[in-house]
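Q: I would like to learn how to read the features of a protein model. Could we work through an example together?

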Amino acid sequence: MSKTTGKTRNYTKEKYAEPCSTHSKDFLIGGLIGGMIGAAAALLLAPKSGKELRSDLAATEGGQYICHKANELKQSVAQKSEELTEQCMATTAEISDKIAEQYSIICENISALKQTLTEAQAEVVEEIEEELEEENK
């Protein structure tokens, strides 16, 4: 059994009119989209050669629009890819320069450390020789 809360529901004609119009609008949009998809499928699946189909599509206003938009998109993609290529090349050059600079600094530090170690080694050898000479006296 359901429990009633004491609230009454007001069912009016206006309340149900809105969802029906929404469903009708959705159905109409779905029908239009389905029709366009069907038309495109019919064109694409027609037993014509690609050349004939392209010429038929180019002859229609929609086909011309699509060709125009495709060309715009192609140009846009080409321009963006060129810009990205230039950015990548510039970034690569910067990174390469920084690496070369750091490599040079590291090589200089290694040479300085080698020199310091060679000098320290010579000093230690000299001190040991002096100690040995003093012990032998």
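A: We may begin with the secondary structure of this predicted model. The protein has 3 helices and 0 strands.

Q: In what order do the elements of the protein run from the N terminus on?

A: The order is α-α-α.

Q: What share of the 137 residues is made up of buried residues?

A: A residue is called buried when its relative accessible area is under 20%. In this protein, buried residues account for 1% of the 137 residues. The accessible surface comes to about 13,000 Å², and carbon and sulfur atoms hold 61% of that surface.

Q: Which residues make the nonpolar surface patch?

A: Leu28, Ile29, Leu32, Ile33, Met36 and Ile37 make a nonpolar surface patch of about 620 Å². Leucine 28, one of these residues, lies in helix α1, which covers residues 13-45.

Q: Why does leucine 28 count as exposed?

A: The term exposed applies over 50% relative accessible area. Leucine 28 counts as exposed because its relative accessibility is 54%.

Q: How many disulfides does the count give?

A: A disulfide is a covalent bond that joins the sulfur atoms of two cysteines. In a model, the test is whether two cysteine sulfur atoms lie within 2.5 Å. By this rule, the count is 0 disulfides.

Note on methods. Residues numbered from 1 in each chain as written. Predicted model: local features only at pLDDT ≥ 70, side-chain atom pairs only at ≥ 80, totals over all residues. Heavy atoms only, no water. Patch = residues over 30% accessible without salt bridge, like charges linked within 9 Å, V, L, I, M, F, W, Y side chains within 5 Å. Areas by Shrake-Rupley, 256 points an atom, 1.4 Å probe, with all protein chains shown as cover. Salt bridge = Lys/Arg side-chain N within 4 Å of Asp/Glu carboxyl O. Helix = DSSP H or I, 4+ residues; strand = E, 2+ residues; numbered from the N terminus. Buried < 20%, exposed > 50% of the residue type's maximum accessible area, 1.4 Å probe, protein only.
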